[in-house]
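Good morning, colleagues. Please have the structure open as I speak.

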Amino acid sequence: MDAIMLQEKLVERLLCPRVRTARQKEKQYVGFATLPNQVHRKSVKKGFDFTLMVAGESGMGKSTLVNSLFLTDLYKDRKLLNAEERINQTVEIIKHTVDIEEKGVKLKLTIVDTPGFGDAVNNNDWKPITDYIDQQFEQYFRDESGLNRKNIQDNRVHCCLYFIPPFGHGLRPVDVEFMKALHEKVNIIPLIAKADCLTPTEIKKLKDRIREEIDKFGIKVYQFPECDSDEDEEFKQLDKELKANWGQNNNPSLCVQECTPFAVIGSNTVVEARGQRVRGRLYPWGIVEVENQSHCDFVKLRNMLIRSHMHDLKDVTCDVHYENYRAQCIQEMTRFVSLCEKESDEEKSKLAQDNRMESPIPILPLSTPDADTEKLIKMKDEE
Amino acid sequence: MVIKNEEMRSLELSGQVGFNSLPHQVVRKLVSQGFCFNILCVGETGIGKSTLINTLFNTTFENEEADHYEQEVKLRSQTYELQENTVKLKLTIVHTVGFGDQINKDESCKPILDYIEAQFEKYLEEELKIKRSLSNYDDTRIHICLYFIAPTGHTLKTLDLVMMKKLDSKVNIIPIIAKADIMSKTELGNLKMKIMTELQSYGVQIYQFPNEDEEVGEINSSLNAHLPFAVVGSMEDVKIGNRMVKARSYPWGAVQVENEEHCDFVHLREMLLRVNMDDLREQTHSRHYELYRRCKLQEMGFKDTDPDSQSFSLQEMYEAKRREFLKELQHREESMRQMFVNKVKETEAELKEKEKELHERFEVLKRMHQEEKRNLEEKRRELEEDMNAFNRRKVAAEMLMGQALQGCSQQPLKKEKDKK
C-alpha cells in the first residue's frame, strides 16, 4: 500500500470523531475532538499559498522539474539567450504566479525564477537574490507592524530549490558560497539535477560527497523533521513505515537523511513504457521514468515538498528565518535611534536622555514607517 | 658565373626505375623514428576528460581525481609510450585542472594560452639555434585540443565561447559534447545545431577535416557533419547479448560506447586516430606554429623586406641589430657615467661650501671670544686700579690718623709748656 495513502487515511480518522465516540462511551463526551475538523474546514475555505524559489545555472532542468512537480506548464514563451549575450549577464528575478486547485483545496503558487545565475564569466554577484528575499521579509514586517492587518499578503520565500550539476565531483565554490549566503534566510533544499547521467554507484558517491561537504562548510540546509515524541503511536509507526519505504529497494533501513540531496530528473513529455503512459525521457538505450523510484528521487522530492512538508516549510520560514530577520531589524533600529539621540544629546538637555530610557521598543511613529526604514536601509548599506 | 635554366619538361619512362618506393622509404624512416602526438584536454572538473582518453586509447592511464577548490587553472601533463603493431607512439596528454571552478573566471584562459605558446617558443628557439637538431627534437607542441562542452541542454556556456575564441588561432580545436548520455536524440540534434551556429556567429574557427583528398575526403566530409561529437566514455565491460562491450549500465538500460546509435565515440576515434592524426600534426606545424613564429619575429623587429624592397638575410639583420644594441649600450654607459661625474661634482661643491661656512663661524666665534677676553682684562685692570687707589687712601688715612694722634699728644705738652 502506498505510504502516502496510509498517511491520508490516518488524518481522515482524526477528522471523523464518530469512530472515537464508540471507544469513549464511558466518559462524558465534551466535543472538542472535532477541532481538527473545524480547522480543516476553515483552512480549505481560506486557501493556501506557497512561494518556491528555484536557483541554479541555466540548462539544469529547473523549469522542467517545476513543470513535472506541479503537472502544469508554467513557462510559456520563454526566451533563452545565446552564450554570447550572456557573457556579462547579471542575475534577474522573475515571478510566476498560478492558482491551482485539487479536490477543493486551492493553492496560490508563486515560483521565483533566477535567470542569469552562474551564466556570466564572473559570477560573484547574487545580491539581487538575497535582496529579493530580504525585501519580502521587510514588507511583511512592515505589514505586520501596521495598523490595518486584515489583508497581509505573504510573499516571503518559503523554500529554495538549489540545483547542483551532476557533472562534477561534488560541490563547487560557487555552490558553497551561494548556499552560505542564503542558508540563514530561506530553507534550502539542494538537488542533484539531470540525474540520468549518473549510474546508481555514481549517484551514491556524489550524494555522500555532497553531504560531507555540506557538513564541512557548515551549510544549514533544510532538515526534514523527525516525529515528535508526543505524537500518536500510530502516527509514529506510520512515519517509520514512510521512512522505510523511502529507502533504496535493496536496503529498506535507509532513512531519509541518507537520500539527500535528492537526485532528480524532470520531463515535460509523456512516453509509453511497460504498457503505460508515463512521464519520462526516451533514449535509444532505454526509457527513464520520472516517477520510478529506482530511476530517481523525484517521487521522494514531490512527497516531501508537497504532500507532507509544505506546511512545515512555511512554518520554519515564519518561525525561524522571519523571526531572525525581525529581531535583527529591531536591534538595528534601536541602535540607530540611540545613535541619533546621542548626537542630539550633546546639544539638548537631559530630557532627551529620559526619553531614551523609557521605551526599549523604537518610538518610531508607525504611521510613517517608510522614512525611518529607509534611513535604516541607508545606514545598513553604508555599513 | 652565369647559370642557364632550361624550361622544365616531363619525360616518359621506358622501363621500371624504382623511385616509386620513395613513399615507402619515408614511411620506413618515420616508423623507425617513432611518432609523437600531443593532446590537450580542456574542460570542467569531472566532465570526463580522463575517462574519454582512457577509452580512446583502450588503456588506463593513471589519474588523480581533482577537486573543485583550485584557486587557479593549472595544467598537468603526462607522457606515455604506446606501441601498436610495429608503430611506436609517444603520446603526451595535457589536462586542465580546476578549469571552470573559480567564481571569477577571467584568469582561466591565461595559463592554457601560456602553455601552448611556451611549447611554440621552445621550438622556435631550437630552430634559431646555430647548432640545432630538429630531426631529433622532442616535439611538445600541442597538436590538438579537445574542448569538452557540458551538456546543459540549451547552449554553450559563456566561458566556453570566450575560451574557444582565444584558442582557435593557436591550436586545432575539436569541440566535444561530454556525458552525452544525458540527452535524447532530438535534444542532441538541437544542441549540436545551436552550438555550431553560435561558434560561427562568434567567429570561432574549429578544426575542419580536410576533404580534398579522394581517399579520405568522403569520410571526412561525413565526419564534419557530426561536429561537435557527442561522446560517452567508459572503461567498464558490460555483457550485452553474448559479447562484452564497453558500456555504462543504468537501471533503465545500458549505453554502449561503441554503438553509433548511442553516441559519436566511434566517429571521434576514427577521425582522431585512424584518419587524420598526421594532418593534425601538419596543420599545427604549418599553420599555427608559422603564425606564432611570424608574430614573434615581427615583434623582435625582423622584417622580410626593408623599405627598398631588397631581401635581407638573417645574418645581416642579426649583425645590424647587434651593432645597434652595443652602440646603445655604450651610449647609455656614457650618459650614466656623465651623470655620475656631475653628481660627484655637485656633492663636492656642496661639501666645500659647508666647510667654508664652518670656518667662518669658527672665526666669528674666535673673535667674539677674544673680545670678551679683552673686556674682561680691562675690567680686571680697572678693578686693580681701584683697589690700589683704595689701598693708598687707606694708608694715607691711617697716616693722617697717626699724625693726628701724635699732634694731640704733643699739644697738651705744648699747652703745659705755655702754662709754665
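Predicted model: local features only at pLDDT ≥ 70, side-chain atom pairs only at ≥ 80, totals over all residues.

In chain B, helices H3(B) and H4(B) pack with their axes 11 Å apart, at an angle of about 20°. Axes here are lines fitted to C-alpha atoms, for helices over the stretch in contact, and angles run from 0 to 180 degrees between N-to-C directions. Helices (H or I, at least four residues) and strands (E, at least two) are DSSP runs, numbered from the N terminus. The two helices H3(B) and H4(B) are therefore roughly parallel to each other; angles under 35 degrees count as roughly parallel, over 145 as roughly antiparallel, 65 to 115 as roughly perpendicular and the rest as oblique. Their crossing, H3(B) with H4(B), is right-handed, a crossing being right-handed if the near helix is turned clockwise from the far one by less than a right angle, and left-handed if anticlockwise.

Which residues make this contact of H3(B) and H4(B)? From H3(B) come Cys109(B), Ile112(B), Leu113(B) and Ile116(B), and from H4(B) come Val162(B), Met163(B), Lys166(B) and Leu167(B), where contact means heavy atoms within 4.5 Å. By class, seven are nonpolar, none is polar and one is charged. Ala, Val, Leu, Ile, Met, Phe, Trp, Tyr, Cys and Pro count as nonpolar, Asp, Glu, Lys and Arg as charged, and the others, Gly among them, as polar.

Residues are numbered from 1 along each chain as its sequence is written, chains are lettered from A and ligands numbered from 1 in the order in which they are written, and side-chain values use heavy atoms, with hydrogens and water left out.

Helix H3 (residues 109–128) of chain B also holds Glu117(B). Lys170(B) forms a salt bridge with Glu117(B), with the closest N and O atoms 3.1 Å apart; the term denotes a side-chain nitrogen of Lys or Arg within 4 Å of a carboxyl oxygen of Asp or Glu. The partners are 53 residues apart, Lys170(B) being in the loop between helix H4 (158–167) and strand E5 (173–177) of chain B. Over all chains, the structure holds 40 salt bridges.

I turn to the interface. Here 51 residues of chain A are in contact with 47 residues of chain B. The area buried between the two chains is about 4100 Å², and carbon and sulfur atoms give 57% of it; buried area is the accessible area (1.4 Å probe) that two parts lose on being put together, summed over both. Three salt bridges are counted between chain A and chain B. Glu202(A) forms a salt bridge with Arg248(B), the closest N and O atoms being 2.7 Å apart.

Finally, the backbone. Most residues other than glycine have a negative phi, and most peptide bonds are trans. Asn85(B), although not a glycine, has a positive phi of about 55°. Leu227(B) and Pro228(B) are joined by a cis peptide bond, with omega about -15°.
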